[in-house]
Amino acid sequence: MPTSGEHGGWKHLRRALRASEWRTLPARARRRWRGRTRWSGRRRALTALVTVLVLLVLPVLGAAAALRWQYAGDPAADARTRGKDALWLGHAWVDGRRTPAELTALAAKVRSTGIHDLYVHTGPLEHDGSLDPALAPGAADFVARAHAALPGVRIQSWLGDVVAPEKEGLHLDRPDVRDRITASARQVLDLGFDGVHFDLEPVHSGSAGFLALLDQVHALTAARSVPLSVAAPQIDPVPGLGRVTFALSNHGKYWSAGYFAAVARRVDQVAVMSYDTSMPVESLYGGYVARQTSLALANTPPEVDLLMGLPAYWADTPSHRGDAETVRAAVRGARLGLGPGGRQNFGLALYVDFAATPDHWAAYRDGWCN
């Protein structure tokens, strides 16, 4: 005979019995039915809670195990610098705050590495896409002095701004905004920069306006025989995850693999911002970088330079755990993702010069350059 709980509780059982039969049941029997029903309800609630916990916890544990596995083993001996690395430089280099002695010290650091590109912050862009020349009065002088101090190193202009609709910023869907950004790119090239590096955030995965901008500016840089470079967000670790996180937070954190590939086809260089991952420990962060490296390699055309970002700064926030997101773990993860005999036009990019410590530089040189 099924229990009363299976029929929805003792009240349903009572209705199922004739009223007279229920009244004639001994009081002890009626209490037993009620007790069994209450236990049955608690058991169903407990079962539901355990089911929810299992559905939430098991995928997280599985993902953590997969990332930890990707961080296991030894990197390939030939997974070392190819002389294609980069360094993001802050705005102080072009507004007069940095001294010639500081440039000499920077040059000494760069010469002992594989750094081939400097991304020098020259903006930010105005929300309409224009660039105020008063923001970087020392840009042309810095470019000339950097070329003399670091022959063979490209000095690219780093242009950035926040992007609509998520932020109150650039409306990349508007042709007039794209035209002004293109004019800003021409403006910095006229100052002597060796390329244009865009860091526009957050560009939502699938943005047609961003692709149109890249087509437009790439025509300009190709005519000048200089590179167009972009800082790119991380690729969906799991297909479709970006759509889920966007639906929950309205924040475009990830690009789909297909959109990443569409961007990479339109530029000469992609630098993946492989930090601010919310990973809680170093081994999981390193495994995450290995995974991102593999995804980026699979979606970057062979002729395009691919760089993975290194977190050369300290922060302890929900999105960036300072003890977990280390340069050491990122270097090792990138080497594991690159593997033996990996692509030659591959590098690492340190973010950012004014926050990088001697330990950050040592981890980069020892793990990647030596």
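## Leucine 214

Leucine 214 sits in helix H7. Helices here are DSSP runs of H or I with at least four residues, strands are runs of E with at least two, and both are numbered from the N terminus. Leucine 214 is buried, at a relative accessible area of 0%. Buried means under 20% relative accessible area, exposed means over 50%, and partly exposed lies in between (1.4 Å probe, protein chains only).

Leaving aside neighbours within four places in sequence, leucine 214 is in contact with Phe198, Leu228, Val230, Val263, Arg266 and Val267. Contact means heavy atoms within 4.5 Å.

## Model and chain

This is a predicted model, in which local features need pLDDT of at least 70 and side-chain atom pairs count only at pLDDT 80 or more, while totals for chains, interfaces and linings use all residues. Residues are numbered from 1 along each chain as its sequence is written, and side-chain values use heavy atoms, with hydrogens and water left out.

The protein chain has twelve helices and twelve strands. Of its 370 residues, 50% count as buried. Take the contacts between residues at least 6 apart in sequence: 80% join residues at least 24 apart.

## H7 against H9

Two packed helices are described by the angle between their axes and the distance between the axes. The axes of H7 and helix H9 (residues 257-264) come within 10 Å and cross at roughly 20°. Axes are lines fitted to C-alpha atoms, for helices over the stretch in contact, and angles run from 0 to 180 degrees between N-to-C directions. H7 and H9 are therefore roughly parallel to each other. Angles under 35 degrees count as roughly parallel, over 145 as roughly antiparallel, 65 to 115 as roughly perpendicular, and the rest as oblique.

H7 passes H9 in a right-handed crossing. That label applies if the near helix is turned clockwise from the far one by less than a right angle, and left-handed applies if anticlockwise. Phe210, Leu211 and Leu214 of H7 meet Tyr259, Ala262 and Val263 of H9. By class, this contact has six nonpolar, no polar and no charged residues. Ala, Val, Leu, Ile, Met, Phe, Trp, Tyr, Cys and Pro count as nonpolar, Asp, Glu, Lys and Arg as charged, and the others, Gly among them, as polar.

## H6 against H7

H7 also packs with H6. The axes of H6 and H7 come within 10 Å and cross at roughly 30°. That makes H6 roughly parallel to H7. The crossing is right-handed. On the H6 side, the contact is made by Arg178, Asp179, Ile181, Thr182, Ala185, Arg186, Leu189 and Asp190. H7 contributes Gly209, Ala212, Leu213, Gln216, Val217, Leu220, Thr221 and Arg224. The contact of H6 with H7 divides into seven nonpolar, four polar and five charged residues.

Threonine 221 lies in H7, which spans residues 208-224. At 0% relative accessibility, threonine 221 counts as buried. Not counting residues up to four places away in sequence, threonine 221 touches Leu189, Val196, Val226, Pro227, Leu228 and Asp268.

## The loop between S3 and H6

Leucine 170 is in the loop between S3 and H6. At 0% relative accessibility, leucine 170 is buried. Beyond neighbours within four places in sequence, the contacts of leucine 170 include Leu125, His127, Asp161, Val177, Ile181 and Leu200.

Proline 165 is found in the loop between S3 and H6 (175-190). Proline 165 is exposed, with a relative accessible area of 70%. Proline 165 and histidine 204 are 39 residues apart in sequence and 9.0 Å apart in space, C-alpha to C-alpha.

## H5 and its neighbours

In H5 (residues 139-149), Ala139, Phe142, Val143, Ala146 and Ala149 are buried. Seen down the axis of H5, these residues fall within an arc of 135°, so they line one face of the helix. The arc is that of the directions from the helix axis to the C-beta atoms. The buried residues of H5 pack against strand S1 (85-89), helix H4 (100-111), strand S2 (115-121) and strand S3 (154-162).

The axes of H4 and H5 come within 10 Å and cross at roughly 45°. That makes H4 oblique to H5. The crossing of H4 and H5 is right-handed. Pro100, Leu103, Ala107 and Arg111 of H4 meet Phe142, Arg145, Ala146 and Ala149 of H5. This contact of H4 with H5 has six nonpolar, no polar and two charged residues.
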